[in-house]
Amino acid sequence: MSDAIGRREFLQSVAVMAAATRAGAQTPSNEWGTPVLDIHLHPRATVEGNLLHIDGSGVTKAVLLTGAAAEERAKQTVAAYPARFVRFASIDMTQPNAIDYLRKAAQGGAMGFGEIKSQVAAAGPEMQRLFALGAELNLPITMHFQEVNQPNSPGTFNTGLKQFDAMLKKFPKTTFIGHADAFWANVSAEYAEDTSYPTGPIKPGGVTDKFLGDYPNLYADMSANSGNNFLNRDPEFAAAFLVRHQNKLMFGSDCSCTDGRGAGGRGASAGRCIARATLTMLKKLAPPDVFKKIVWENGNRLLKI
Ligand SMILES: [Zn+2]
Ligand SMILES: [Zn+2]
């Protein structure tokens with residue numbers, strides 16, 4: 001067999017597979033009773049790997065939160081499945097070229113910035129330059145707030161959530177999307193920043209609850225173990241919270257499993273698909289119209305997609 005024939009056969013088989021997948025991709029499952037937007041998915045090693053997770057978890061469309069190393073792959077995924085994916089761009093804000101990089105990424109089609117996970121104060125000068133860029137370009141910023149070192153996420157990131165109202169006030173034209181353990185633990189008023197995933201009843205009056213109520217430019221990303229832990233630790237409180245902030249909350253997974261059904265997951269996704277776990281809990285706790293807002297409408301409105 002010549003190389004030419006081998007290549008032709010290979011390309012034909014790729015085309016057949018792609019066509020079969022696209023045919024399926026146009027009719028995503030509707031097992032959640034509404035279309036679903038996952039606003040927090042990190043790019044997989046291949047274009048088809050991205051599709052595998054959203055098809056498996058019953059997700060209609062996903063936002064690929066993309067670091068610089070994965071940018072080409074994310075672009076290829078959006079190009080291959082424009083109805084199923086959009087992308088955000090992210091970089092470590094301590095890099096000297098961070099703002100230039102993000103500006104170029106936005107010109108190249110990134111719909112937002114994130115997740116931004118930098119080892120700086122959330123109100124530091126690097127972050128304030130980003131907040132100004134977000135306002136200038138009218139693009140949202142997903143931020144990872146972490147105050148406690150974790151084996152799966154060593155260090156602290158964007159510290160100082162309890163005082164972040166100063167930034168929400170200073171940058172009223174910037175759209176912030178909060179995420180990660182400090183963001184969700186701070187729904188409870190007594191959070192002492194000593195543990196990542198506090199359990200037990202929530203004490204009303206935490207800064208996350210207050211800021212969501214007070215600042216129209218703050219939204220919430222419910223992904224990861226942090227969002228899931230919040231829903232599970234005090235379901236009665238969570239149910240009222242979902243109604244209270246029904247126009248501000250957005251479902252996301254941050255899942256590391258491969259198939260949208262729990263295979264190959266690490267950390268909080270070990271043995272389960274966290275997309276499925278959180279969608280199941282949201283469906284249980286929220287009235288149907290609120291569920292639809294959280295898993296579909298709010299994100300589509302915010303991202304204008
Ligand atoms: Zn994160
Ligand atoms: Zn999963």
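Donors are N, O and S atoms within 2.8 Å of the metal. The exercises below apply this to a predicted model.

**Exercise 1. State how the donor residues of the zinc ion (ligand 2) are spaced in sequence, and describe the geometry of the site.**

Step 1. The spacing of the donor residues of the zinc ion (ligand 2) reads H-x201-C-x1-C-x15-C. His-53 lies in helix H2 (residues 47–56), while Cys-255 belongs to the loop between strand S8 (249–250) and helix H11 (274–285). The two are 202 residues apart, and the pair links distant parts of the chain.

Step 2. The donor atoms are NE2 of His-53 and the SG atoms of Cys-255, Cys-257 and Cys-273, at 2.1 to 2.4 Å.

Step 3. Four donors count as tetrahedral if all angles lie between 85 and 135 degrees. Angles among the 4 donor atoms of the zinc ion (ligand 2) run from 107 to 113°, and the site is tetrahedral.

Step 4. His-53 and Cys-255 are both buried.

**Exercise 2. Two residues other than glycine, Ala-224 and Asp-254, have a positive phi. Decide whether each is buried or partly exposed.**

Step 1. Most residues other than glycine have a negative phi.

Step 2. Ala-224 has phi near 70° and is found in helix H9 (residues 224–233). Its relative accessibility is 12%, so Ala-224 counts as buried.

Step 3. For Asp-254, phi is about 55°. Asp-254 is found in the loop between S8 and H11. Its relative accessible area is 22%, so Asp-254 is partly exposed.

**Exercise 3. Determine how strand S1 (residues 37–41) pairs with strand S2 (residues 61–67), and name the unit they make with H2.**

Step 1. S1 and S2 pair in the parallel sense over 3 bridges. Asp-38 stands opposite Ala-62 in S2.

Step 2. Together, S1, H2 and S2 make a right-handed β-α-β unit.

Step 3. Strand S1 is mostly covered, since 5 of its 5 residues are buried.

**Exercise 4. Describe the largest nonpolar core, then list what Phe-230 touches.**

Step 1. The largest nonpolar core has 86 residues. Phe-131, Phe-164 and Phe-230 have the most contacts inside it.

Step 2. Helix H12 (residues 288–303) supplies the largest share of this core, 7 residues.

Step 3. Leaving out residues up to four places away in sequence, Phe-230 touches Trp-184, Val-187, Ile-202, Met-222, Phe-237, Ala-238 and Phe-241.

Conventions:
Residues are numbered from 1 along each chain as its sequence is written. Chains are lettered from A and ligands numbered from 1 in the order in which they are written. This is a predicted model: local features need pLDDT of at least 70, side-chain atom pairs count only at pLDDT 80 or more; totals for chains, interfaces and linings use all residues. Side-chain values use heavy atoms; hydrogens and water are left out. Donors are N, O and S atoms within 2.8 Å of the metal (3.2 Å for Na, K and Ca); water is not among the atoms, so sites may look incomplete. Four donors count as tetrahedral if all angles lie between 85 and 135 degrees; four count as square planar and six as octahedral if opposite donors are over 155 degrees apart and all others between 65 and 115; anything else is irregular. Helices (H or I, at least four residues) and strands (E, at least two) are DSSP runs, numbered from the N terminus. Buried means under 20% relative accessible area, exposed over 50%, partly exposed in between (1.4 Å probe, protein chains only). A nonpolar core is a set of buried Ala, Val, Leu, Ile, Met, Phe, Trp, Tyr and Cys residues joined through side-chain atoms within 4.5 Å. Contact means heavy atoms within 4.5 Å. Two strands pair if DSSP finds at least two bridges between them. A crossover is right-handed if, with the strands pointing away from the viewer, the path from the first strand over the helix to the second runs clockwise.
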